[in-house]
Structures are given as structure tokens and as C-alpha cells.
Amino acid sequence: MRCDEWQGLYAVIMEGMLYKWTNYLSGWQPRWFVLAGGILSYYDSQEDTWKGCKGCIKMAVCEIQVHSGDSTRVELIIPGEQHFYLKAENVAERQRWLVALGSSKACLTDSRTRKEKEINENTECLKQKVSELRLFCDLLLHQVNNLKESTQSDQPGSTNFEIKQRSSSYNYRERNELKICQNGLMIKENKIKSWKRSQLESDDQHQQNPRRGSIENAEVMMDNSELTNVTAKDSGVNIELQPSAAEDETGKGTEEPGDPNPDAEKEEIQTFFSVMDQRFNDIEFEEDSGIPTLPFLESCYAIVPVLDKLGPTVFAPVKLDFVGNIKKINQKYITDTTKFTTLQKIVLHELETEVATVRNSATEALLWLKRGLKFLRGFLEEVNNGEKDIQKALNTSYGRTLRQYHGWVVRGVFALALRAAPFYEAFMAALAINEGDEMKEAFHEKMQSDLNQYLPAMGKQIEILDALYEEYNLESDEVV
């Protein structure tokens, strides 16, 4: 990691005043909080930051939860270790802190994951080169031995002695080159272990004093290309070897893989959408297109893992909002399960009691929930129609559905999440039930078949809710 990347990672993302629950005697007390380097620290006041923090929590391993009854509260939890109860001055301030906390958690986790993936890929590449070198070394030694045997009977003594001398030189040189590559591989693996140890030590050091720079603890890693250059320089040969004629002759006897047995039973391919506990296409409407409340909420819960498959950290704020809206509707439903059997009945009841437009009402939660469903449906439609660029599919759907309701802060969160979107192959692998199914043609056919049933049913219920909200003028242009 370069020094400028390290400085950017541990720069202060956000700081400000929040209320922290201390105890039943003192209650909520104002504290100055600083978010930097994936660590949230707090102090008595802004003026006392130089004294050192009174406590901190590591964002990479904590859970972020919003309070169901108080729109200004947020809880940070490390199960069995820490539990921070925090409260903002207003809803907007809490939203800004949620965005900052989620973004910090996403950046720290994704940066480390990307670096480790790059290191592993470079190591595997070097191992492959060493394996190739070992193969060519054996082939060359085999040719030298054949040459020695063929010349022993018909060549003069002096020439025979010269051939033996050169063959011994070849043996020593090739063995030496192979040993150098193996040593180089060992050096790189030690560097990787040292880098991982430094990461752990750095995290611990930042948890103790998060405002102190830790650039000096960053180890300089040996790049794979540099290691290759060193190896080539020491050995005097180019490691990028080309196949020799002997290798071609050796490969002639290689057997082709046999054809698959046509009588073998076809394994049933399943996808994420075919094994869901509750799907939108399983919902049966009640009278007058009434959408049953409980099956609808269960179907919404079932689609949430798609956000995890897109990125469990970068999409954490989106998931929190999505699940929070489901819980608000469910809380209304359980107050009278026999009365609120459909979503329409919940909305009409809140209209009659004049609480439909009140903040945190079930009607408002359903409004944002259907907007989130539109976003997911639009994204899945793009993928089902053949779009293989996941970032582009997400961006297209976001622009058509949610973007108009988001302010610049929330748009920034989505921009960060979109940049961290997985590749198409990785997303398909996440949607496969059995490992390796995503490589089969039958999997993609099954995926398309499942989405062709799932998405229209999902769209039908969104259309019914849109009509309900338009009829009673419940749509809102409020920006968050």
C-alpha cells in the first residue's frame, strides 16, 4: 500500500457531537466523536481530543443497528464485547452519521480484501512459473543425457570428455536456476506473512490511539514483477520460457479427455430464486387485489440477501434502511393481525386515523420499501436482459428509481457502493446453490427461467401499491 493510500485510509472521515448513554444516574451525555481509519473514538469535548480518547470501537467488526422507536438513535454492537448507545440531535444528523459509518466500514474492508486478493494472485502466478521452470529443466536434462549416450560409442575421447563436461555444467546451471526461483518464492511468501502481521499490529495500534499516524508501520511489499526481475538477473536466463520441441513430442501421447456419458443422470440445477422460502410469485391476492401482509413481508425479507451478495459491507446502509422499513410495517401488523390482513387495510386505517403522513408510520415505511423493491427489480431485469456489467446495471436502475429521492450525501454512499460492485461471474457464483454450477449452461437457463416468473409477480404488486398511493395522494418528493 502506498503512503498516500495509507494516509487516505486513516484520514478523519467525520467528527461531531453525539449523545452517549452512560448510566441510569447520568443518562445521555454529550461526547465528541471522531471517525478515522475505521475506528470511532469519543472524547469529553472537542477541546479535549489532545488528551486521548475515552473509548473507541472498531467499525470493521461491529454491527450497526437503528432504533425502531427513536429516529435519532443508533447502536454499535460487537457481540459479547462492546455496545455503544448513541443519539443524534435530529434525524438528518443521524442519517449523516449512518452514511459515514457504513462508508468507513466498507472502505476498510474492501481495501484489505482487494489487496489480499492481488497478493494471492501474484503468488499463484509465481508458483506456476516455478512449476514451468522445473518442467523445462527436467526436459533439458533428459535431452542432455540422450546426447551423452548417443555420442559415447562413435565420438573420439577428447570430444566425449568435452560433452560430459558441458552436460555437467548444464546440470549445475539448471539446478541452480531452479533453486533461485524456489528461494524467491519463499521470500515472497515471507513478505506476505510479514505484511499481514503488520496489518494486524497496525489495527491494534489504531484502536489504542486512532488519531496517531501509522505510516511508519506500513511494510514495503516486494512486487511480483520485481521478484521476477531479481530471479532472472541472478540466474542469467529469462523465466518466461517457451515450449520446446521436446515438450511437443512429450505432449503427443497425452490422452484427450473422454466424452461425458450421455446416459448419466442430469443433476438438477438450483438458483437462489428457486430455493427462496417465500417468493412474490407464491403470493395469492385476496379480494380486490388485496396484497396479504405477512407473505409480502416474508418475500421482502427473502430478497434482502441479494444486497449481501452485491457487497455485505458497501450495501450495509441500504440493507439497514430496507430491513428497517419491513420491521416498521410488521410492528403495525402485529398490533392487530386479524384487522391488518392486507397492506391496503394498513394504509387505509392510517388514513382514517390521520397518521399516514406522520414520520415513521407504516404508510411511510411502505412507500420507501416499494421504492427499494423497484430498485432491486430494475437491477435484476437489467441482468436478466443480458447486461453483464453489474455496476452499469445497478447504476441504470438507481437512476430510474431512487436517485431522485436522495440528496448528495446518500448519493455519495450509492456511488461508493456501485464502484465496489462485483464482477458478473462473481455475482452469478454467489447466486448458485452448489459450487461450480455457475459455469454450467443449464444454470443460466434456470436463472432466466426463475427470474421470468419472479420479476413479473414482483412488478404486479409494486404496480398495485403505486396505484394505491396515487389514488390517495400519498407519494412524496421529499429528499433524504
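**Exercise 1. Find which residues Asp 437 is in contact with, leaving aside neighbours within four places in sequence.**

Solution. Contact requires heavy atoms within 4.5 Å. With sequence neighbours within four places set aside, the partners are Ile 269, Gln 270, Ala 432 and Phe 443. The model is predicted: local features need pLDDT of at least 70, side-chain atom pairs count only at pLDDT 80 or more, and totals for chains, interfaces and linings use all residues. Residue numbers start from 1 along each chain as its sequence is written, and side-chain values use heavy atoms, with hydrogens and water left out.

Helices are DSSP runs of H or I with at least four residues, strands are runs of E with at least two, and both are numbered from the N terminus.

Last, decide: buried or exposed? Asp 437 counts as buried because its relative accessibility is 2%. The cut-offs are under 20% relative accessible area for buried, over 50% for exposed, and partly exposed in between (1.4 Å probe, protein chains only).

**Exercise 2. Describe how strands S6 and S7 are joined.**

Solution. Two strands pair if DSSP finds at least two bridges between them. S6 (residues 73-78) and S7 (residues 82-87) have six, and they run antiparallel. Ile 78 stands opposite Gln 82 in S7. The two strands form a hairpin with three residues between them. In that turn, Gly 80 has a positive phi of about 80°.

**Exercise 3. Classify the aromatic pair of Trp 21 and Trp 28.**

Solution. Start with the rule. Rings of Phe, Tyr and Trp (its six-membered ring) pair if their centres lie within 6.5 Å; planes under 30 degrees apart are stacked, over 60 edge-to-face, the rest tilted. By this rule there are 11 aromatic pairs. Trp 21 and Trp 28 lie 5.5 Å apart, centre to centre, with 70° between the planes, and the pair is edge-to-face. Trp 21 is partly exposed, at 25% relative accessible area. Trp 28 is partly exposed too, at 26%.

Then look for a cluster. Ring pairs link Phe 272, Phe 273, Phe 280, Phe 296 and Tyr 454.

**Exercise 4. State which ring Lys 370 sits over, and which Arg 371 lies over.**

Solution. The test needs NZ of Lys or CZ of Arg within 6 Å of the ring centre and within 35 degrees of the ring normal. The charged end of Lys 370 sits over the ring of Tyr 469, 5.3 Å from its centre. Arg 371 lies over the face of Trp 368, at 4.6 Å from the ring centre.
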